[in-house]
Amino acid sequence: MILQETPRVKHFGIQRKPLPLEPTILVREANRRRSSLSVGNSSEIFYGRLEFNDGLAADVPAKMPQADKAHEFMMSRTYSSPGNFDCSIGRPMRLAEIFVAAEHALKKTISNPDLQKILSSVENFEQKYMELTKGAADNYHHSWWKRYGVVLDGEIAAVCFKRGNFDLAAKSYEKVCALYAGEGWEDLLAEVLPNLAECQKSLNDEAGYLLSCVRLLSLDKGLFLSKERQAFQSEVVSLAHNEMTNHVPLDVSSLITFSGNPGPPMALCDGDTGILSVTVWSGFPDDITLDSLTLTLMATYNADEGGKLRNSNATVLKPGRNTITFPLPPQKPGSYVLGVLTGHIGQLTFRSHSFSKGGPADSDDFMSYEKPTRPILKVFKPRPLADLSASISSALLINETQWIGIIAQPINYSLKGAVLHIDTGPGLMIEESHSIEMESYKKAGQGSVGMANSGDATKDSSAAAKDCSPAADKHFEQLCLVSGKIEFPDWAGDVASILWIPIRAIDDKLARRSSSGAPEKRSIVDRMRTIALKLEFGISKNQIYD
């Protein structure tokens with residue numbers, strides 16, 4: 001009766017061929033014995049019946065004497081054609097006939113009324129079967145033969161699942177799935193895991209149900225049809241966006257993995273920002289949209305957790321290889337490896353700590369649970385990145401327009417796109433009627449920045465040529481001062497350059513181009529003029545030189 005029941009449709013619309021539960025071996029054995037009789041094996045004729053496997057018997061007419069029956073059988077075999085003989089054996093038995101013969105034999109051989117009651121209905125049989133199986137499973141567990149006990153737990157789960165007792169079924173199925181997963185028996189896991197998922201959905205166990213869906217997606221692709229795997233993904237997305245009542249954390253380490261890109265690690269100076277590119281592999285069968293992504297960096301030489309890189313834009317992961325970029329804020333000096341990838345799909349929070357092997361772009365082998373040792377980022381210790389100095393150090397004439405030269409020198413760092421803020425102190429102003437000139441130099445002289453003594457004589461401007469010689473591939477450009485700042489041209493990114501700034505020292509006590517007569521002694525403080533320079537450079541203009 002159990003075997004003849006119509007199998008129910010599995011969850012997710014999974015299509016499976018029915019397992020070979022029918023006792024076809026019994027049919028083969030019965031027909032084998034009947035075939036042996038057809039060729040004259042009279043040893044199997046015994047006490048008026050033909051003996052079959054496991055006590056099954058087919059009655060032979062009892063009125064015929066034994067000798068006559070054997071003689072008739074032998075004669076009918078002798079005088080009949082091999083293909084059409086007439087004997088008491090008849091045609092081979094069908095399965096339904098063997099069922100009837102088996103039931104008849106059991107009723108004749110079972111004398112225990114309790115056992116007869118057990119076999120009288122499916123419900124009684126299942127109840128006794130549960131008691132025996134539970135006892136055997138407990139004995140295996142107590143004897144530390146846990147694998148055998150778990151297998152019997154699966155039998156108990158199947159009966160509970162059939163009865164609709166999903167709570168007990170889920171507990172037993174979890175043990176079975178843990179065993180199958182630990183042993184790597186994915187074929188068996190594919191048969192049991194959908195039942196566990198259906199139990200969890202019936203029990204409104206959102207976290208467990210989502211985890212089961214992820215585990216189903218993580219199994220070998222050949223175990224399920226494409227539309228079945230798409231149904232698993234649809235369940236995850238549907239729950240995440242529509243039906244979930246609470247935020248549920250989900251580990252997708254078996255489904256989403258990540259790694260740094262091949263090649264040397266990204267190198268940054270202290271305080272630099274950048275864009276970090278990471279390769280992410282998706283095991284989902286279709287595109288899936290992630291509302292946000294966060295990547296944690298881990299320092300290699302200590303237990304400190306590095307910064308968290310956030311990509312707040314919606315990201316679409318395609319099946320297979322994806323390249324994701326993260327804005328990289330300034331990090332502390334040191335080496336960093338990838339840590340944990342987290343994100344959100346609707347109300348679902350997922351987490352992955354599995355690292356990809358980082359193979360070639362066309363490689364399908366994307367799973368590796370070993371933490372990578374190759375750094376993805378190196379941040380160097382603080383060092384001088386640029387220098388500003390005066391081209392010459394000379395006195396200024398009061399109330400006269402003159403040029404001062406400021407040398408900008410990159411130190412193994414690009415000044416491309418740098419911005420120089422110029423702020424003149426008291427008694428000094430920039431002549432806006434003149435443009436600021438910038439030219440390249442192959443050697444920069446050393447001197448004090450922007451100091452001028454108003455009491456000394458003016459030195460010839462040709463002194464600058466003694467300290468800084470023009471380069472053969474000289475660049476020259478006129479720049480405009482906008483809101484107290486100028487922007488470096490692209491060619492000034494990697495070469496030393498000099499800025500010529502027109503300024504005028506002011507003294508209200510002296511009229512312009514007037515003779516002061518007998519010079520009045522003034523303190524050094526009154527005769528000093530200062531100019532404040534602030535150079536902003538780097539990718540995000542966060543490197544500062546004052």
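I'll start with helix α7, residues 166-183, which has 18 residues and spans 25 Å from its first C-alpha to its last, close to the 26 Å expected at 1.5 Å a residue. Keep in mind that this is a predicted model.

Which residues of α7 are buried? They are A169, A170, S172, Y173, V176, C177, L179 and Y180. What do these buried residues pack against? Their partners are α6 (146-163), α8 (186-202) and α9 (206-218). After α7 comes G184, with a positive phi near 75°.

Next, the sheet. In general, strands of a sheet pair through backbone hydrogen bonds, in either a parallel or an antiparallel way. Here we have an open sheet of 4 strands with antiparallel pairing, in the order β23-β18-β26-β27. The edges are β23 (485-487) and β27 (543-545); each has a single partner strand, so one side of each has no neighbour in the sheet. On average, neighbouring strands in this sheet are turned by 20° against each other, ignoring direction.

Take one pair from it. Strand β18, residues 419-424, runs antiparallel to β23, and 3 bridges join the two.

Nonpolar side chains tend to be buried together in soluble globular proteins. The largest nonpolar core has 65 residues, and V278, L295 and L297 touch the most other members. Why does this core lie between domain 1 and domain 2? Because both domain 1 (111-245) and domain 2 (256-358 + 372-380) give residues to it. Another core, of 31 residues, lies apart from that one, and its members include L385, W491, I503 and L535.

Key: Residues are numbered from 1 along each chain as its sequence is written. This is a predicted model: local features need pLDDT of at least 70, side-chain atom pairs count only at pLDDT 80 or more; totals for chains, interfaces and linings use all residues. Side-chain values use heavy atoms; hydrogens and water are left out. The expected span of a helix is 1.5 Å times one less than its number of residues. Buried means under 20% relative accessible area, exposed over 50%, partly exposed in between (1.4 Å probe, protein chains only). Contact means heavy atoms within 4.5 Å. Two strands pair if DSSP finds at least two bridges between them. Axes are lines fitted to C-alpha atoms, for helices over the stretch in contact, and angles run from 0 to 180 degrees between N-to-C directions. A nonpolar core is a set of buried Ala, Val, Leu, Ile, Met, Phe, Trp, Tyr and Cys residues joined through side-chain atoms within 4.5 Å. Domain bounds come from an automatic or database domain assignment.
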